[in-house]
Amino acid sequence: MVDFGGWDMPVQYSGIIEEHNAVRRAVGVFDVSHMGEIEIRGREAAALADFVTTNNVAKLKMGQAHYSGLLYEHGGFVDDILVHKVAEDHFFLCVNASNQDKDFEHIRAHNRFDAEVENAGARYAQLAIQGPRAQATLQKLTPVDLGAIRYYWFTDGEVAGIPARIAHTGYTGEAGFEIYVPPGEAERIWRLVLEAGAEFGIKPCGLGARNTLRLEAKMALYGHEIDASISPFEADLGWIVKLDKGEFVGRDALVRQKESGVTRKLVGFEMRGRGIGRDGYEVYLGGAPAGWVTSGSPSPTLGKNIGLCYLPIEHALAGKAIQIMIRNQPVDAVTVETPFYKRAK
Amino acid sequence: MYPENFRYTKEHEWVLVEGDTGTIGITDHAQEELGDIVYVDLPKIGAHVEQGKSLGSVESVKAVSDIYSPVSGEVTEVNQLLADAPEKLNQDPHGAAWLVKIRLSAPAEANLMTAADYQSYIGAEK
């Protein structure tokens, strides 16, 4: 068990590689109850949600969700979040555990609307059922037609007879579902999911596999790829920024950055030499320090050592020879196209 | 689980002393904490290692960790198995996946925790 933002969480159950492969090939289940939830309700709930996030909330339909950024005025990330539109006057935000209180205060500080903000993390447990057999597993426990929930849509229904929010979302690069249930029911539902998935070889999965899976899919992790000093454009997340949607916190800084251009950008790499370029290691270009690794790990799916790093914009493209300083030794690597892994549709 | 004839460190290495030779490895508890091991870096034959100093490193999917030598001396053998099959360290840490053999320069150093001491130590650590 490790302390993860105040939560005791297993890094692994049976082993990171075994858990990782279960999700890529069949199904795995993650207890991600540490994730935070914030609810925005009221006549101007949409206006507040739109004002504090980068993506275009007005485009969301009822029952739809999207990935978005919560930014400071200077354009750096407060957090990366999922915004779910529950009703015209109700938005449900899934946020990072360690950022929950900060996010809540940030949204409240910008609430000049007719809307109420609730820090609702204690009311929800969250389980992620992920992998090609995730749907077949979860379908045994719910009358909701899971096949009818499109990617990044959700529905409020029941799982194991308990009211649950069922979202076709995930952090693994596989199809799958994230379900939000009352904390008192989480353990029972966890066991039922494991039973339902037994015939497919379901594995309970920890933080370790969650990290290798999301890294292969090039999904950002707060504190690694993004933080208060990084803007969405630098993090290669320009697609979640809708500058033409109207005013929002951080927009002015992003407009300026778009005009002047960013000076560094996130890029993927593969190790060529022996070693793993890990978080925080320096990246060298032509013998001089040029950037840093944000995440690095063996990729169980690809059988290579992969990672993400920041490099000066003129070098942030695939095919560049770089060196990563691993315990005072420069080790060869090369920048590559991302994502590292994309599931066959 | 933990052989009686080994001695153990708080950093989860073991040493087996036979004459003036010490065989060094990491414990089953260590491999379990580390998870899937992908690299093992070891010193070269002839290198001098010192008790409590880094002898090399073990890298798992999630992190890299130093191995601290339980005893001082000169490296006389390095387990070649681990260069090609680092995962053996997960499977047989007290047997086939020993790390190095050392000619002891201070045999009295090997007066470390017994198997029973070590088991109560890791029991208390949890």
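This is a guided tour of a predicted two-chain model, stop by stop.

Residues are numbered from 1 along each chain as its sequence is written, while chains are lettered from A and ligands numbered from 1 in the order in which they are written. Because the model is predicted, local features need pLDDT of at least 70 and side-chain atom pairs count only at pLDDT 80 or more, whereas totals for chains, interfaces and linings use all residues.

**Confidence and domains**

The model scores ipTM 0.76 and pTM 0.91. Then select the domains of chain A, whose bounds come from an automatic or database domain assignment: domain 1 covers 1–33 + 124–220, domain 2 covers 34–117 + 231–260, and domain 3 covers 263–340. The C-alpha centres of domain 2 of chain A and domain 3 of chain A lie 30 Å apart.

**Helix α5 of chain A**

Select residues 183–197 of chain A, which form helix α5; helices (H or I, at least four residues) and strands (E, at least two) are DSSP runs, numbered from the N terminus. Which residues of α5(A) are buried? They are A:Ile189, A:Val193, A:Ala196 and A:Gly197, where buried requires 20 or more other C-beta atoms within 10 Å of a residue's own, exposed 12 or fewer, and partly exposed a count in between, with C-beta atoms placed from the backbone. The buried residues of α5(A) pack against several elements of chain A, including β3 (28–31), β9 (125–130) and α4 (134–139).

**Strands near the end of chain A**

Select β18(A), residues 321–326, where two strands pair if DSSP finds at least two bridges between them. Two bridges join β18(A) to the antiparallel strand β15 (residues 282–285) of chain A, and A:Tyr284 stands opposite A:Gln323. Six bridges join β18(A) to β19(A), residues 329–336, again antiparallel, with A:Ile324 opposite A:Val331. In the hairpin of these two strands, which has two residues between them, A:Arg327 takes a positive phi near 45°. Move on to A:Pro339, in the segment after β19 of chain A; the peptide bond from A:Thr338 to A:Pro339 is cis, with omega near 0°.

**Chain B and its sheet**

Chain B holds an open sheet of six strands in the order β1-β2-β3-β9-β8-β5, with antiparallel pairing. Its edges are β1 (7–8) and β5 (48–49) of chain B, each with a single partner strand, so one side of each is left without a neighbour in the sheet. β1(B) pairs with β2(B), residues 13–18, over two bridges, and B:Arg7 stands opposite B:Val15. In the loop between β1 and β2 of chain B, select B:His12, which has a positive phi of about 75° although it is not a glycine; B:His12 is buried, with 24 other C-beta atoms within 10 Å.

**Where the chains touch**

Finally, select the contacts, defined by C-beta atoms, placed from the backbone, that lie within 7 Å: 11 residues of chain A are in contact with seven residues of chain B. On the side of chain A, α1 (16–25), α6 (207–216) and β16 (288–299) each supply at least two residues.

Methods: The expected span of a helix is 1.5 Å times one less than its number of residues. Two residues are in contact if their C-beta atoms, placed from the backbone, lie within 7 Å.
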